Amino acid sequence: MIMQVETFSFNKDKKSLKIIILAVLFSFLSACGSTPNALTYYLLHSTENASVLHREVKQTVVLDKVTLPEYLKHRGLVYQTSDTNLHISTSHLWAEPVDEGLTKALKGALAAQNVALVRPDHYVSEESLHMSLYINDLVSTYEGEVIFSGEYAVTRTSEEASFHPFMYKAPLNNDGFASSIIAMRATIETLAKDISNAVHQPN
């Protein structure tokens, strides 16, 4: 009688074990790599300014449009890393589109100046002032400041628009995007004061 003896190769088993270990390790690393980073969301406007919206209104301005540069249309916050380069964050994001946040922030800042900022679909009057806002830059920079620049156009009844370029800078008191937001709000408040002066000028 011939007995069949099944033999195992030690080297073959060792090779298989290595393959299994490498496969498990690769799966673990892939799972770690696919884990999303924690996301942080920011508001450009302050929720504490709601009370100023009920102040006495001396002038109403209809905001027809807000025009943004392409880099501000992203949800990621932007940081200028050099004279020619911008970094758009993938983990620090705006809680709402920049034009919406900017409109809310400007509305609150103008309310403090007794100016009501409204949208065209909320206010219709042939005698109202109209304004368009064109933004060039709203960004924190490697030089430790926020730059807010652009132009606004004010149109009175049956008059040509008057154009007002602006450029504001505000220092960053600390590192990080939270400090950038505070500085941005300060520049928006400065813009609101200038707009208030412009719209209160006699015809």
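Student: Which residues does Thr187 touch, not counting residues up to four places away in sequence?

Tutor: In this predicted model, Thr187 touches Leu138, Val146, Phe148, Tyr168, Lys169 and Ala170, once residues up to four places away in sequence are set aside.

Student: Is Thr187 buried or exposed?

Tutor: Burial is read from relative accessible area, with buried meaning under 20%. Thr187 is buried because its relative accessible area is 1%. Ser91, which is found in strand β4 (residues 86-94), is also classed as buried, with a relative accessible area of 18%. Leaving out residues up to four places away in sequence, Ser91 touches Ala38, Leu39 and Thr40.

Student: What share of the residues in the protein is buried?

Tutor: Of the 203 residues in the protein, 36% are buried.

Student: How should I read the largest nonpolar core, and which residues have the most contacts inside it?

Tutor: The general idea is that in soluble globular proteins nonpolar side chains tend to be buried together. Here the largest nonpolar core has 42 residues, and those with the most contacts inside it are Leu106, Met131, Leu133, Ile135, Phe148, Tyr152 and Leu191.

Student: Taking Ile135 as a case, what is it in contact with when neighbours within four places in sequence are left aside?

Tutor: Ile135 is in contact with Thr67, Leu68, Pro69, Leu72, Leu102, Phe148, Ser149, Gly150 and Phe166. For the protein as a whole, among contacts with a separation of 6 or more, 67% join residues 24 or more positions apart.

Student: What pattern does the protein follow along the sequence?

Tutor: There are three helices and eight strands, and reading along the sequence gives α-β-β-β-β-α-β-β-β-β-α.

Student: How do I read a pocket, and what lines the largest pocket here?

Tutor: Rolling a probe the size of a water molecule over the atoms shows where empty space is left. In this model the largest pocket has a volume of about 350 Å³. Its lining comprises 13 residues, of which Leu63, Glu100, Thr103, Lys104 and Arg119 lie nearest the centre of the pocket. The lining divides into four nonpolar, two polar and seven charged residues. At least two lining residues come from each of β2, α2 and β5, and α2 gives the most, with five residues.

Student: Where does Asn114 lie, and what is its phi?

Tutor: Asn114 lies in the loop between α2 and β5, and although it is not a glycine, it has a positive phi of about 65 degrees. Asn114 counts as partly exposed because its relative accessibility is 21%.

Student: How does the pLDDT bear on reading this model, and what does the protein average?

Tutor: The protein averages a pLDDT of 83, and 74% of the residues score at least 70. Over residues 1-10 the pLDDT is below 50, and this stretch has one contact in the model beyond near neighbours in sequence.

Definitions and conventions
Residues numbered from 1 in each chain as written. Predicted model: local features only at pLDDT ≥ 70, side-chain atom pairs only at ≥ 80, totals over all residues. Heavy atoms only, no water. Core = buried A, V, L, I, M, F, W, Y, C linked by side-chain atoms within 4.5 Å. Buried < 20%, exposed > 50% of the residue type's maximum accessible area, 1.4 Å probe, protein only. Contact = heavy atoms within 4.5 Å. pLDDT = per-residue confidence, 0-100. 1 Å grid on protein atoms, 1.4 Å probe; cavity = no way out; pocket = protein on both sides within 12 Å on 5 of 7 lines; lining within 4 Å. Points joined across faces, edges and corners; volume = space filled by probe spheres on them. Helix = DSSP H or I, 4+ residues; strand = E, 2+ residues; numbered from the N terminus. Nonpolar A, V, L, I, M, F, W, Y, C, P; charged D, E, K, R; others polar.
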